[in-house]
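Here are my notes on the model you sent over. Have a look at the structure first, then read on.

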Amino acid sequence: MRLQNLKSFPVIAVTALLAVGLLAFLAGLLTAPDDPKSLPVTAQTEPQDHRPQTRTTPPRANDTPVVRPDLPRPPDRKDNRPPVVRPDRTPVVTPPPAELPPGRTDEMVTLPRNQTAGASIMVILEDPDGNRLSSNTVSLAVNSPGLGWQVLTDAPQALGEGRLLFRKLYAGEYRVRNENVHYRSTDEVVVIGPEEERTVKLVLSPAERARVEFFIRLATGDIPQFVTIQILAGTAAEPAGAGRFGKTHGTQLMAPGSVHSSTSRYAPDRTTGMIPFTVAVGSETRFVFASSLEQTHYGAEVTVQGQPGLQQRDVTLVVSDIGKSLAGDGEPRRLARIEITLTLDGKVVNFTRVNLRAALSDLHYRDPSRREGNLFVWENIMSGRWWLAVEGREFHAAHVQQVEIGGAEQITIDIVTGRLRVSAHLDGKNGGFRPLLYNVRLRPEGAGHIERAFNGNLTGKETDHIDFVVPAGSYEITVGRPDTGTPVAADPPQRQVTVTGGGNQTLDFTIRPAAKVEFQALNGAGQPVAGVEFLFTRHPAGSVPESERQFLGKGGVDGRCSTGAAPSGAVYLMIWTASTDWNNPDRVFRLDLPAHGDKDLGGLVVAP
């Protein structure tokens, strides 16, 4: 009787419903989608990290922090999920190193890293009568083989009574130079050893001044009503990131020399166009001229070598971009008001960050005085040309454009978007299921250092892609290793692309295993060698294509060198110190680098 009851239709139906419910619950636990808010469409889901990444390299000269607004909202990606990856279940297999073409190699000599920066230089400033002078415009430069004098960033400690102290220095050859334009240029070269304390006395004499007269006209023959003039006086700048082979490095371990500048507006003589100045005798002074007439910008640059007596120069301002940022519209600047109405593809959306910047490299910006929906209002803002930067949840790169303030009080801007797919292909088979992320940075062309960064995920896969919605325009797309994680390298590391409104673009990058490598460049005495350049390559010395110059790295004043994207396997490490010959580096070492691993080479002897 009980068996018959169990076989009855109601019992069977209830049992089936319970079983279906239990299966649905378990499937929901296993496949429940992540919250898709603030993520671009991507081929991978878990593990993943699409949070904007802040660059820490600078990084290039004058870098500003990466813009980090609320992240944009992507389309639904439920149908694009791969299987869940479990990194801890499959070991990583490191492929054997590839054979290198035969080439020059040098014996690798290592020494313990030099951690001691215990030397110091005391600078005493006096006038010709022996009176102490109070001034802190003194620069200190280290002599870098193959590059020359590299000015250090650290400011001296002012001790009072005309004394300045440079501390925590490594042994080497240094140049102390007065940078005060009111005194004659004076410098002293000194060689210091480890832990040595040296004193340098600079006797400063007032700079002799000479008169220079500029007679200014536009290319049209007209004398401008107003001219904006920027004056740069002092030591010629030694570029911080300048290298031996034309590459400008982003490292901020070294900084340019001291150049004092001022910018003012002047009214030339209405009859002759003359504007007089005085310059320091014995030093160079650079003048940058800019003016505007009927929305046309004019500019010119003149360098004057200070000499006793009167100098007269004719200056013709030609059509140039110099005046765009320097002179503005040629009219006196005033307080103004501006209303900007924003839409995205003709629709009202939520813009998360909207601000105005006087310059794209400027760390400071002006937020709106008030906001009403998609209307943004700035009160009491100076007239002239400003840069508008807009970000929102519906798109993945900043919209940047120049706006004129002081004319129309109301501007309507519709941001038109297109689609960009960045595809990543792993070079060879994935050797395991360790987390393998790659980083994509989107920088609008002409947007300075305003950029956004996202991480893609190649864990357990051979291909991946990220779909972006971006404002129409040209972009610089950089792919590489995230700030943390498994070392990878992209080929090519950077590409340019133009996205049109409503258009679609696809960029392909090859992701290769890489290694994170560190070392300190030392001389035979164990002292750091400043400013070396280095390259990891599979080409032998003398056969390295010039296209690989983009992969050059540069060490700091302490000799420390590092990269997170050295090719794995068998490679050559080439180091340039005194040599400036691309085909003849000072040292060439052969290395076997671990795929997706770290390698600390310690202290490498790269110079006698």
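1. Ground rules first. This is a predicted model, in which local features need pLDDT of at least 70 and side-chain atom pairs count only at pLDDT 80 or more, while totals for chains, interfaces and linings use all residues. Residues are numbered from 1 along each chain as its sequence is written, and side-chain values use heavy atoms, with hydrogens and water left out.

2. The overall picture. The protein chain has three helices and 38 strands; these are DSSP runs numbered from the N terminus, with helices being H or I of at least four residues and strands E of at least two. Of its 608 residues, 46% are buried, meaning under 20% relative accessible area with a 1.4 Å probe and protein chains only (over 50% is exposed, in between is partly exposed). The accessible surface is about 29500 Å², and carbon and sulfur atoms hold 50% of that; the areas come from the Shrake-Rupley method with a 1.4 Å probe, and for residues only the protein chains shown count as cover.

3. The cores. A nonpolar core here is a set of buried Ala, Val, Leu, Ile, Met, Phe, Trp, Tyr and Cys residues joined through side-chain atoms within 4.5 Å. The largest one has 24 residues, and L420, V440 and F468 are among those with the most contacts inside it. Elements giving two or more residues to this core include strand 25 (417-426), strand 26 (437-444) and strand 32 (504-523). Strand 25 supplies the largest share, four residues. There is also a second, separate core of 22 residues, which includes I340, L344, L388 and V403.

4. What does V440 touch? Leaving out residues up to four places away in sequence, V440 touches V422, R452, A453, F454, I466, F468, I477, T478 and V479. Contact means heavy atoms within 4.5 Å.

5. Four strands form an open, antiparallel sheet in the order 27-26-29-31; two strands pair if DSSP finds at least two bridges between them. Strand 27 (452-457) and strand 31 are at the edges with a single partner strand each, so one side of each has no neighbour in the sheet. Neighbouring strands are turned by 25 degrees against each other on average, direction ignored; axes are lines fitted to C-alpha atoms (for helices, over the stretch in contact), and angles run from 0 to 180 degrees between N-to-C directions. Strand 26 pairs with strand 27 over six bridges, and Y438 stands opposite G456 in strand 27.

6. Is R441 buried or exposed? R441, found in strand 26, counts as buried because its relative accessibility is 17%. Its side chain makes a polar contact with the side chain of E451 at 3.1 Å. A polar contact is a pair of N or O atoms within 3.5 Å; within protein, one must be able to donate a hydrogen and the other to accept it, and residues adjacent in sequence count only if both atoms are side-chain atoms.

7. Three strands form an open, antiparallel sheet in the order 19-22-23, with strand 19 (351-357) and strand 23 as the edge strands. The twist averages 25 degrees from one strand to the next. Seven bridges join strand 22 (residues 384-392) to strand 23 (residues 399-405), and a hairpin links the two through six residues. A389 has V400 as its bridge partner in strand 23, while L388, included in the second core, stands opposite Q401.
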